[in-house]
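Subject: Structure handover

Hi,

Here is the structure we talked about. My notes on its charged pairs follow below.

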Amino acid sequence: AENSPVPDGFTHGEDGWFYRELQDEAEMPKLLHDLIAQGVSVYEARLIQPTLRDVYDSCIGAGTLEIA
């Protein structure tokens, strides 16, 4: 929600969503558990995978290639 405080470790996107980068999708259940335990109301959660274009732009923009 627009007036909700941003949870620790998250950024607030212009679209109203909170974002956090995960190293592995297996982190998602614990992340959701921790947020709910902190009293954060979670209505939806999504894993957003980078597109091939995102990876390309990241490599070209930084001048290096880093694949996790």
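Is Lys30 buried or exposed? Lys30 counts as exposed because its relative accessibility is 55% (buried is under 20% relative accessible area, exposed over 50%, partly exposed in between, with a 1.4 Å probe and protein chains only).

Some ground rules. This is a predicted model: local features need pLDDT of at least 70, side-chain atom pairs count only at pLDDT 80 or more, and totals for chains, interfaces and linings use all residues. Residues are numbered from 1 along each chain as its sequence is written, and side-chain values use heavy atoms, leaving out hydrogens and water.

Now the pairs. The structure holds 3 salt bridges (a side-chain nitrogen of Lys or Arg within 4 Å of a carboxyl oxygen of Asp or Glu).

- Lys30 with Asp34: the closest N and O atoms are 2.8 Å apart. Both residues lie in helix H1 (residues 28-37), 4 residues apart, about one turn of the helix. Helices are DSSP runs of H or I, at least four residues, numbered from the N terminus. Asp34 is partly exposed, at 27% relative accessibility.
- Arg46 with Glu44: the closest N and O atoms are 2.6 Å apart. Arg46 is exposed at 53%. Glu44 is partly exposed at 44%.
- Arg53 with Asp57: the closest N and O atoms are 3.0 Å apart. Helix H2 (residues 52-62) holds both, 4 residues apart, about one turn of the helix. Arg53 is exposed at 55%. Asp57 is partly exposed at 37%.

Best wishes

Terms used: Helix = DSSP H or I, 4+ residues; strand = E, 2+ residues; numbered from the N terminus.
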